Amino acid sequence: MAVELKDLTKRSENYSQWYNELVVKADLAEQSAVRGCMVIKPYGYAIWEKMQRQLDDMFKETGHVNAYFPLLIPKSFLSREAEHVEGFAKECAVVTHYRLKNDPNGGGVVVDPAAKLEEELIIRPTSETIIWNTYKNWINSYRDLPILCNQWANVFRWEMRTRLFLRTAEFLWQEGHTAHATREEAEEEAVRMLNVYGEFAEKYMAVPVVKGVKSANERFAGALNTYTIEAMMQDGKALQSGTSHFLGQNFAKAFDVQFVNKENKLEYVWATSWGVSTRLMGALIMTHSDDNGLVLPPHLAPIQVVIVPIYKNAEMLAKIDEKVAGIVAKLKSMGISVKYDNADNKRPGFKFADYEVKGVPVRLVMGGRDLENNTMEIMRRDTLEKETRSCEGIEEYVKDLLEEIQANVYKKALDFRNSKITSVDSYDEFKEKIEEGGFILAHWDGTPETEEKIKEETKATIRCIPFDSFVPGDKEPGKCMVTGKPSACRVIFARSY
RNA sequence: CGAGGUGUGGCUCAGUUUGGUAGAGCACUACGUUCGGGACGUAGGGGCCGCAAGUUCGAAUCUUGUCACCUCGACCA
């Protein structure tokens with residue numbers, strides 16, 4: 001017998017099983033036959049499309065434009081930036097040949113040894129190198145700057161272990177790559193885009209995030225500074241949900257991208273890159289879902305309202321169809337996406353359960369009783385509460401309800417997260433608390449060695465040094481919980497995905 | 001790449017210890033009764049048991065090899 005979501009109530013213990021089951025049952029994605037890749041199913045992709053559209057609007061508002069760069073990167077490009085190659089070399093898929101031929105021993109096709117590439121090509125794990133190799137040709141003068149490009153693309157990293165949405169070999173993302181004349185401008189850009197991610201996560205995904213800066217150990221390969229938004233999942237683990245990097249002049253120097261400034265002097269360009277991926281889908285799923293399935297915030301739900309008729313015969317269905325048609329039209333005119341599911345091959349109970357698993361925020365039901373009384377039953381997915389209301393003005397009520405659900409889902413996630421943030425002063429206490437999950441605010445001496453030691457002993461890493469204060473006094477100096485050396489402020493530790 | 005585990009219909013699995021006609025539930029098809037929380041009855045369709053070699057009168061079951069996947073490490077958005 002298949003495992004049902006509701007059987008997995010001890011979510012913290014069976015979390016990964018629960019999560020996988022949820023992704024599959026909610027019709028979002030499935031494991032592909034190709035190693036480490038996933039198939040995103042139409043319903044899951046519809047959510048991604050909504051995310052894409054919203055993010056894209058926000059990028060445009062901050063002055064960015066879209067472009068597209070090649071999938072294949074010459075191997076030599078990758079090695080130009082020393083730290084970058086070290087960070088990605090171990091997970092690159094390599095193209096070595098450009099042709100197949102018929103197998104002389106029969107049957108299928110084999111790689112044609114005569115078609116070996118002189119220089120191997122890498123399937124992009126990220127596009128900094130190919131983009132900076134291109135920017136070299138675009139930039140001569142300070143008048144060419146800044147360049148504010150974004151790319152929507154797929155990337156490929158040969159991961160050892162994969163999880164649907166959270167870590168797949170191939171994933172979809174956007175990567176912004178900007179070039180600036182000054183250090184200050186680039187640093188501002190990196191922070192600006194992190195704020196865009198933060199706003200998107202909280203306003204649209206209803207996922208509360210901590211914005212902050214990464215420690216040196218967790219920094220992007222080739223960056224001077226990495227900013228991050230960190231979310232907390234329901235099992236208390238952290239999920240890095242988006243990053244923005246200040247790249248300094250590293251890539252400009254590696255690809256020799258210089259510009260002439262106003263004083264007619266040559267200078268290297270300052271760079272940033274920033275990205276979010278289909279991992280956000282994982283964050284969305286793991287933040288809000290319950291044992292009945294997915295819970296979608298209305299702003300990202302492909303279907304915001306589903307209407308289910310209950311009828312005994314064709315005549316009755318015709319009456320309901322007629323009555324519902326007006327409501328559907330009105331809801332649509334208000335910009336609400338509605339699905340009227342009058343398919344007669346599924347029973348109402350099945351539909352109820354199915355749309356709950358899919359996370360549809362609001363369900364309206366009309367049956368014989370309602371037809372007589374001019375009412376409908378309304379169920380909200382976040383609380384599972386049901387009530388019966390008159391059809392008069394039901395559209396406005398639904399519109400308000402959607403906003404209320406959006407706010408409530410966020411508040412619930414925020415309250416949960418805040419309840420799992422603790423502050424500790426001793427390493428012993430830290431070791432105890434880390435077992436319970438959640439974010440721990442503690443003092444750290446700032447050295448990679450101490451961070452490494454903590455990671456080895458507790459599996460916890462520094463998620464970020466937060467911009468904002470979470471508990472009174474966390475921005476005041478103290479002593480490292482491990483070494484006792486001075487520390488400027490508390491940082492966030494957690495176990496992570 | 002290290003340690004463990006699993007490959008049997010579309011899905012979840014039993015059968016392997018002790019070799020002897022390929023099983024169950026769900027899903028699917030048809031008909032009927034149902035329909036306000038994942039319906040029920042009856043009848044049906046579908047699998048050379050991951051792949052290869054070996055042992056045997058006979059292999060899903062034993063042996064060897066191989067491939068794939070999963071969990072936990074290491075790595076990572």
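This is a predicted model: local features need pLDDT of at least 70, side-chain atom pairs count only at pLDDT 80 or more; totals for chains, interfaces and linings use all residues.
**Entry 1: the five-stranded sheet**

I started with an open sheet of five strands, which runs in the order E18-E17-E19-E20-E21 and has mixed pairing. Which strands stand at the edges? I found strand E18 (338–340) and strand E21 (386–390) there, each with a single partner strand, so one side of each has no neighbour in the sheet.

Next I looked at how E20 and E21 go together. They run antiparallel, and five bridges join them. For a landmark I picked Met-376, which stands opposite Arg-389 in E21.

**Entry 2**

I then asked what H9 lies across. The answer is strand E17 (305–309), E18 and strand E19 (362–366), and H9 runs at about 170° to E17.

H9 also meets another helix. I see the axes of helix H9 (residues 314–333) and helix H12 (residues 394–419) come within 9 Å and cross at roughly 45°.

Which residues meet here? From H9 I wrote down Ile-327, Lys-330 and Leu-331, and from H12 Ile-394, Glu-395 and Val-398. Sorted by class, this contact of H9 with H12 has four nonpolar and two charged residues, and no polar ones.

**Entry 2: around the RNA**

My next stop was RNA strand B. How many residues surround it? I have 38 on my list, and the closest are Arg-35, Met-160, Gly-349, Gly-367 and Arg-369. By class, the surface near RNA strand B has 15 charged, 13 nonpolar and 10 polar residues.

I also wanted to know which elements supply this surface. Strand E13 (238–248), helix H10 (348–357), helix H11 (368–373) and strand E20 (375–380) each supply at least two residues. H10 gives the most, with eight residues. I was pleased to meet E20 again, having seen it joined to E21 in the first entry.

**Entry 3: the three-stranded sheet**

Three strands form it in the order E4-E8-E5, and the pairing is antiparallel. Its edge strands are strand E4 (72–74) and strand E5 (94–97), and each pairs on one side only. From one strand to the next, the twist averages 40°.

I checked one pair more carefully. E5 and strand E8 (residues 116–123) pair in the antiparallel sense over three bridges. What is the bridge partner of Val-94 in E8? I found Ile-122.

I finished with the backbone. Where is there a cis peptide bond? One joins Leu-145 and Pro-146, with omega at about -5°. I placed Pro-146 in the loop between helix H5 (128–138) and strand E9 (147–156).

How values were computed:
Residues are numbered from 1 along each chain as its sequence is written. Chains are lettered from A and ligands numbered from 1 in the order in which they are written. Two strands pair if DSSP finds at least two bridges between them. Helices (H or I, at least four residues) and strands (E, at least two) are DSSP runs, numbered from the N terminus. Axes are lines fitted to C-alpha atoms, for helices over the stretch in contact, and angles run from 0 to 180 degrees between N-to-C directions. Two residues are in contact if their C-beta atoms, placed from the backbone, lie within 7 Å. Ala, Val, Leu, Ile, Met, Phe, Trp, Tyr, Cys and Pro count as nonpolar, Asp, Glu, Lys and Arg as charged, and the others, Gly among them, as polar. A residue is near a molecule or strand if its C-beta atom, placed from the backbone, lies within 6 Å of it.
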